[in-house]
Amino acid sequence: MRTISLLLLVALAATAESHRGSHSRRGKRELLVRSKRRWVLSTLEVTEEDPGPYPKKISQMFNDKTDQTRNHKFKISGMGVTEDPLGVFSIDEKDGTVFAHKPIDREAHSLFHIKFDILDKDTDETIDKELAFDVEIKDINDNPPQFFRPQITASVKENMPEGYLPVQLQATDRDQQNTTNSEITIRVIEQNPKEPKIEVDQIDGRMAQLTFNGCFDYDKEKNYKIVVEAKDHGKLPLSSTAVITLKIVDTNTHLPTFKDKAYHGEVLEMVTSENVLRVAVEDKDTPKTPGWRAKYFFIKGNEEGNYKIETDPNTNEGILSVIKGKDFERTTLTTLQIGVENEEPIFVCKNKATNGAGTPPPANSVNITMKVIDVNDPPEFEKDVVDVYQKEEEEPGKVLFTPKVHDVDSDISRIRYELLDDPADWVTIDKKTGQIISSKKMDRESSFVDGNSIYKILIGAIDDGEPPATGTCTVLVHLGDINDNVPRLVSNDVIMCGNQVEKVMVTANDSDAHPFSGPFVFSLGDDDETLKQLWKLDPALGEECGLVSLKPLAYGVYSVPLVIQDQQSVLGHETVEVTVCDCGEEEVCRGKLPLSSSLGSPGIGLILAGLLLFLLLLLLFMCDCGGKEFKHMPMVQDEGNQTLIKYNQEGGGSECKAEPTLLLTPTHNVVVTDGLKQGTMQANSNMASLGRQHQRETFRSHGELGMYSTWATNRTNTYQGSSSRYQRSMSMRSNQHIADHIDRRMYMIDGNHADHPTYQPYEYAYEGQGSKCQSLDQLSFSNLGDDFQFLDDLGPKFKTLGGICKGGVVSEGVVVA
C-alpha cells in the first residue's frame, strides 16, 4: 500500500510538469539523465495492539548502493528507536529487515516518524541520502464510549410542562475520529418508575438531552432512576452506561379547602379588635412551601372595609380582625364570604384534566356570620373640631365656646363635661353646660401657642352609662395679635473686622405679627456728638441696619446705643457691643500673637564683643594677681542677711480686706479705650470711696510708739526669679511730709475744693456699707526718731567691711583695694 501511494504521487508530479511550456521542456531535455531508483521500501503495515508473536517482521529496506559494495550496514532512528517510546522498532543491519518488538496503543502514539540510513561498515559514513517517512498505526475498536458524568442527580419541579428535562448528557470515544469505531449512539435502557415516559434526544454524535411525555406526580413518586447507554459502531461494538437520578420537587397541585362549612363570631359595637375569629384550611401540598401557604380574600360582605383577614405563617389559619367599628343601631348581623388560594398558582396536568384543557378548579369559599353586640355609645359633639377667635391680652371671663352634643343611649341632661387638655391653664369649663370661659389673659407669643397663633383646648363629654363613655371635641382658639412687644436685637454682640470692613449688619426682631413688627426704623440712641462722630447707620430702615464706623477705630469693644421703631412707632432701646479686632480668613477675632524676639547681626556682634572684653579683663586680672595669695575671710553665721537694722516684726496684716480708696480727678462723661474694652465712664468729683475716708482718719498701731511721730511704711516687693527673694525697706521719715499729705486728703474729703471751683462733689443717696475692719485710731508711730549711735561700733565682724569701704586693708603684705 505504501509503495502504491508513492507511485501515485510521482505520477501526479509528472502530469503537472507536462503542462508547463514546451520551450521549457526543450531547454531541459538535454540536461535530463536517466537514473535508477536508489531506495526500495516494502509495505509497512502496523496494526494497533497486534498480539504478535514478537519480534515481528513488518518490512524490509533495499538500496541500489548495495550492488556496488558489499561492506555496508542499515540503520534506523527516530520515534520508537532512539526516541520515546523506546524499544518499539529495530532493523537488521545486513539485510534491512525491520522488526516490531511489542504491541502499540494507537491512542497513546498514533504516528511514528522514522529515519533510514545506509552506512559504510568500516568508516560509518553514509553511502546514500537519508530516507524519512511517517508510520501510522492502524486503529482497532479497543475503547468504549465514556460519559463525562456517569452519575447525575437533578431536581425537577412537579409542575414542569412536558418536553425537555434539565439533564444534558455528553460522551466521547478515544478511538480514531470519523470512523465507525468512534461513532456513538445514546439511548435509555432502563427507567424506574415507568411513567411518565423518559427518552433521549441526541443532538449530535457526542451530546444528548433527556425528554419526557406526560406529568410528574409528587404524591405518587418522588424519585426516578434512569439508566442510559452510549454505544459505538465498531466491528465489535463497545458501550458504557450512566445513571441519572431525578428528584421531584412538590408544587401546588392541591387547592386548600376549609375544614368547616360555616363560621360564627361576635364583635362589640364600634370597637376595633384584632383576632376576633380564626378559620382553618387543609392543603395536601408540602407544608411551608408557596404551594401550601394560604391567601385569604373577601368575596362579599366587606364592602365598607370594616374587616381584614390575614394568614398565620405558622398554622396557615386565617385571622379575622375588625379595623372599623360597626354601629349596632345600623347593623346587627353581618355575613362575610371569604375564599382561599395558595401563593403559588395551581397546576393541572393537561393529560389528567377531565376536559383535556387543563383548566384549574375554582377556589374554595366559606361564609362567616358576625354578630354586633350593642354597647354604650359615647356622646357625640356636633363638631369634632371647633374654631374660636379671640384677641390676645383680653380681660378674662369671656365665654369662648358652648358645645352641642347628642347621645342615642343616654339622657343629655345627665352628661357632664371635663377639661381634658388646657396646657397654659387659661380657661375653665362649666361641668353642666360645657361652656368654656377664659380665666386668664392669653398671650399670643406664649410657647403654648403654635406657629399659626392657635391655642388648642380638648374637652370631653361623659355620659352616665355602664361603663361611662366619653366623647371629645377639640377647640382651636385663634389669637389675634396686638402690639405688646417692643423690637429687640437678635444679637447684642457683633464683630467688626477692623482689618477688612468698616460696616457690620445688626438684625432686629419683634415677636408681634404684621403690622405690629418690621420693617423697622433704626437710629442712634444718644445725642452725644462723640458717638455721632464715630458711627452712622446705613441703611437705617428694614429688618436690619448697617452700623458704619466713620473713622478708623482702635481694637477694642465699643457700646453703641440704638433705638428701634416698629411700624406702629413703638420704640425699643438696645445697646450693641461692637468688638473691633483683627480677623483671619473668617469673621472671627484672632488671638493675641505670642511675644517673640529675634537676634540680628548687631546683637550677635555685641555679644561677641562682650565675650572678648570679658576674656581681656580676666587675662589682666590673672597677670596682676599672679603670685599673690588671698587668705580666706571667715564667715560668721549672722552674715548674709543683707540688712543692718532689724525692725520689730508687726505680724500679718488685718484679716479684713478694705476696699481701695480711689482719688480721681473729676471729669465729664468721656469715651475710654484701653485697647481691649471701651465704654463710657461717669466720673464725679466726689467718689463713693472718698465718703468712706472719714472712717480712716486715725490709725491704730499694735506697738507702743507715739502718735504721728514717725510714719514708717514697710513695703515689701517680692520678685521670684532664680529661686531668690529680695526685700527692701523704705521709710518716710519726715513728720512734716506726713502731716501735709494727711491735711491735703482731709481737705479734699471735706469738700473744700478751692483749687477746683468748677466741679462740685456729687452726693449719692446711699454709699453702701462701710468697711468692717477695725479702726486705725490706735495706730501710732514713734516720735523719738531712730538712734544710729550703735553704728559707730558694729563689732569686729564689720571691721573688714569697713576697711574695704574706706579704701583698702593690708593683710600679710597683700593689699585688698
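Leucine 618 lies in helix H4 (residues 601-624); helices here are DSSP runs of H or I with at least four residues, strands are E runs of at least two, and both are numbered from the N terminus. The model is predicted: local features need pLDDT of at least 70, side-chain atom pairs count only at pLDDT 80 or more, and totals for chains, interfaces and linings use all residues. Residues are numbered from 1 along each chain as its sequence is written, and side-chain values use heavy atoms, without hydrogens and water.

Leucine 618 is partly exposed, at 38% relative accessible area. Buried means under 20%, exposed over 50%, and partly exposed in between (1.4 Å probe, protein chains only). Leu612, Phe614, Leu615, Leu618, Phe621 and Met622 form a nonpolar surface patch. Together they have about 660 Å² of accessible area, computed by the Shrake-Rupley method with a 1.4 Å probe, where only the protein chains shown count as cover for residues. Patch members have over 30% relative accessible area and no salt bridge; nonpolar side chains (Val, Leu, Ile, Met, Phe, Trp, Tyr) are joined within 5 Å, like charges within 9 Å.

A patch of negative charge on the surface gathers Asp526, Asp527, Asp528 and Glu529. Asp and Glu count as negative, Lys and Arg as positive; His and the chain ends are not counted. Charges are placed at NZ of Lys, CZ of Arg, CG of Asp or CD of Glu. Aspartate 528 sits in the loop between strand E38 (520-524) and helix H3 (529-534). Its relative accessible area is 33%, so aspartate 528 is partly exposed.

The structure holds 16 salt bridges (a side-chain nitrogen of Lys or Arg within 4 Å of a carboxyl oxygen of Asp or Glu). Aspartate 481 and arginine 444 meet in one, at 3.2 Å from N to O. Aspartate 481 lies in the loop between strands E34 (470-480) and E35 (488-489), and arginine 444 in the loop between strands E32 (436-438) and E33 (454-462), so the pair ties together parts that are 37 residues apart in sequence. Both aspartate 481 and arginine 444 are buried. Arginine 416 forms a salt bridge with glutamate 418, with the closest N and O atoms 3.1 Å apart. Arg278, Asp312 and Glu317 are linked in a salt-bridge network.

Strand E6 (residues 97-100) runs antiparallel to E3 (residues 56-63), joined by 4 bridges. Pairing requires at least two DSSP bridges between the strands. Lysine 57 stands opposite phenylalanine 99 in E6. Strand E5 (residues 89-91) is also antiparallel to E6, through 3 bridges. Isoleucine 91 stands opposite valine 98 in E6. E5 and E6 form a hairpin with 5 residues between them. Glycine 96 in the turn has a positive phi of about 80 degrees.
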